[in-house]
Structures are given as C-alpha cells and as structure tokens.
Amino acid sequence: MPTALRPGRKSRGSSAWDDWRWQFRNRLRSIEDLLRAFPELPAADEVRQAADRFPLAITPYYASLIRELSPQDPVFRMAIPSVDELYNPPFLREDPLEEDHDMPVPGLVHRYGDRALLLVTMACAMYCRHCTRKRVAGGRETTISDRSLTRAVAYLREHPEIHDVIISGGDPFTMTTKSLERVIAAVRSVPSVDIIRIGTRTPVTMPMRITPELTEMLRRYHPVWVNTHFNHPNELTPAAVRACAMLADAGIPLGNQSVLLRGVNDDPTIIERLCRGLVRSRVRPYYLFQCDLVRGVEHLRTPLSCGIEIMEYLRGRLSGLAIPTYVVDAPGGGGKIPVLPNYVVSTSPTHTVLRNFEGMLVSYPEPEGYAPQRSRGTKGESGATVWDLAAGKQGRIVPQAMPRHERRDRREDIPFTGLD
Ligand code: SF4
C-alpha cells in the first residue's frame, strides 16, 4: 500500500484506518491528492480534465485495492477519472432513466406502482466512474432536508399502494447513523410500507462503515434489506466480507447489483468468480445491469451481446441462487427489462421445444385439456401491458404519437371505393 494512504501519527495510527470517519475525511478528492498517493500516476493532466467535469473521491481503503497503476486494473478503472469520460456522443443523457420526470416531490422517484425510490444524500464514499447518477452524485454533498423528508413521507401516506421504499442516493451509509435513523424511522412510520431497502456501496468502498452501532440501529426497523454493489472479485476483500457478515448477522438479507463494465468485468469467468464469492459471503447476486446511456460512461459500456454471452456461460455452471438477472434499464424511463438467451426453440399447441445450456433439445409435452384461469390479474396503473395481450384481455397496444397515427387523424373521412 502506498505510504501516503496510511494514517499519519496525529491520527491514532492504525486504528484510524478502521474508522470510517477517518476514511471519509481523508478521501482522495483532487489530482494533487492522487499524485501524493500515486506519484507515478499515468496521464495526470488528462485525469485532471476528467475530474474537473465529474467529481472525484476515493477512500484510502479503496485506493489501496489498486494493484497496477493502469486502466487495465479493474479497481483503477472504476475509481480514477479518465479523459474518455469527456467523449459525448448524442445518444447519451444526463438522466437517461428520466428519474427527474418521475419525481412527484423532490427526492422521491415513483415509477413502478408499488415501489418508490427515496434519494437521501448526494455524497458517496467513492465516486464510481460508471455512476448512473453522475449528474447529481458528488456535485454538492448535501443530505435530505427535514422539509423534503416530510413531503416525501406525506406522499407515501397518500399512496398506500407503495409497499417497498428504496433508500438510496448517493450512498445512505455515508450519513451518520443518527441522520440515517431519522430517515428510516420516518419511512417506517408509514403503515403501508412493508419493506425498506437500502442501496449502498460502502461494504465495497468503505467497509469499516458497517459498525455494530449501525447494524443495531437497522435491526430496529426490520424488515430492512440491503443491496450492495460489487463489480469485481478483487473487491471481495476480507474487510468487505466481514462487513457483509455483520449485516447478514443482523438479519438483513443482502443482494448485489453489479454493472457490466468494459475492461472491468466483461468476461464470463470474472462474473463467475464474483458470483461465487458473493454467495460465499451470504450475498445473493441480484442484478447484472447493462451500463446505462449516461454522459461520461461510454468508454465503459459493452454491447448487449456481451451480457447475453455471460448469462449463457453462467447457466448450468452455477447454481440458480448464484445467477443474477441481466437487465437493461430502459432509456426514457421504461424501467428494467430482463434480457437472457433464448431457451424456447419452438412451440406448438401440443409441444414446446426447449434447449438446455449444453445445446440439448427436448420436446416438452403440454398438458391436455388445460383451461387457464383468466380471472387472475388486474390491470396495473400503466393500463394494458404485454401480459394483457398474452391473456387475451386486450387486442393490441399501440404506441402513442406515431406519424402514421397523426396522418390518420388528419385524413378526410371518405370511404375508399376503388381506383378511378
Ligand atoms: S456509490 Fe453508487 S451513487 Fe455513489 S458514485 Fe458509486 S454508483 Fe454512484
């Protein structure tokens, strides 16, 4: 580990290293900090240009995981700004998921009927170069005000259909335990909220944040779930595994949301090692996200075929428990779309032809005289969905505002009776 990353004498020596407040206060926040820690840092001027555009912060702990001072190193690539972040093709957006459009009150995103996302801080232990919320994370390290929290909770009370609240940011575990408890207690006071989920990358970037004080507080508000964000097996250090164990021992189910990143984990064997390491650490691989179309991350994006290939590789090699769902978060606020290899080869009313991971083809006989229970299911608040088509409840779903439809609306209502 570079000497400059270690706590100085004034900081109570090695115990400071294990103190999350010391780690947070001593994040590398500028090119000068980086050069002090890594005097051999390559392309420092280019790093400076990127850091001027998008925030930079790395805990000394996470910086110590860099094994090679090069973008070939996965931790370096996720943490150190790259001039490639300035590449700006027209299809990238600041907010490709259009979260800001689905915010009925500041900080609360309500997209899916039964869930809401509450953004409670704009600070993170580290600013990941691939962050979807690059537009806000780290710009100003603010936390939710009392006024905004009150408005968000009032909205949750007015919408009892919301049963699941995801507390995210930024990273909620960068808040003090007391401030975070204020938020969790307010959400838990809403009777219709069943589960609280917290999204955090601190077990990866600042694992000393998981303290007995924090887990004691969280367990008072069960059911609480935590989703963390490991992307590479090099992040599964003994300290990170210990942090996950402390959360799991507090009765908190743990899931992991990875992002598929070029040059980091775009290799089936890396994802396999990651998933095996996660389940060993009592963390369920939950999602493998296709990298979003966010400004500043184009150099980290992979083609969709890469993710499908990885899923093809995992099935049959790993237990289903260790296989995440590969999803594309649809640009334009369409939500998560699962993508997987095609296992249905053909269908007829009597048989479905399936293939397994080895390429074996099997004919699956359908049951005779099966009458589907069409009464099940109701239309969601989004109106008719593909499920309604499949169930025969709806004849078609027509996209809105198509030029073809506009032409139809303009057309004169004269019946066609043949050519003159
Ligand atoms: S911890 Fe999460 S919110 Fe923060 S920079 Fe990383 S990906 Fe973005």
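Mentor: A salt bridge here is a side-chain nitrogen of Lys or Arg within 4 Å of a carboxyl oxygen of Asp or Glu. We are looking at a predicted model, where local features need pLDDT of at least 70, side-chain atom pairs count only at pLDDT 80 or more, and totals for chains, interfaces and linings use all residues. Residues are numbered from 1 along each chain as its sequence is written, and side-chain values use heavy atoms, leaving out hydrogens and water.

Trainee: What makes Arg355 and Glu312 a salt bridge?

Mentor: Their closest N and O atoms are 2.7 Å apart, and the cut-off is 4 Å, so the pair qualifies. Arg355 sits in strand β11 (residues 351-355) and Glu312 in helix α13 (residues 304-314), so the bridge ties together parts 43 residues apart in sequence. Helices (H or I, at least four residues) and strands (E, at least two) are DSSP runs, numbered from the N terminus.

Trainee: Why is Glu312 called partly exposed?

Mentor: Its relative accessible area is 25%. Buried means under 20%, exposed over 50%, and partly exposed in between (1.4 Å probe, protein chains only), so Glu312 falls in the middle class.

Trainee: And Glu298, is that buried or exposed?

Mentor: Glu298 is buried, because its relative accessible area is 12%. Its side chain meets that of Arg301 in a salt bridge (2.7 Å, N to O). Asp102, which pairs with Arg111 at 2.8 Å, N to O, counts as partly exposed at 24%.

Trainee: How many salt bridges does the structure hold?

Mentor: There are 21. Arg27, Arg29 and Glu141 are linked in a network of them.

Trainee: What makes a set of residues a nonpolar core?

Mentor: Its members are buried Ala, Val, Leu, Ile, Met, Phe, Trp, Tyr and Cys residues joined through side-chain atoms within 4.5 Å. The largest core has 93 residues, and Leu34, Ile58, Tyr62 and Leu118 touch the most other members. Helix α11 (residues 238-249) gives the largest share, six residues. At least three residues come from each of domain 1 (3-86) and domain 2 (99-338), with bounds taken from an automatic or database domain assignment.

Trainee: How do you know that domain 1 and domain 2 are in contact?

Mentor: Contact means heavy atoms within 4.5 Å, and 31 residues of domain 1 are in contact with 41 residues of domain 2. The domain centres, taken over C-alpha atoms, are separated by 23 Å.
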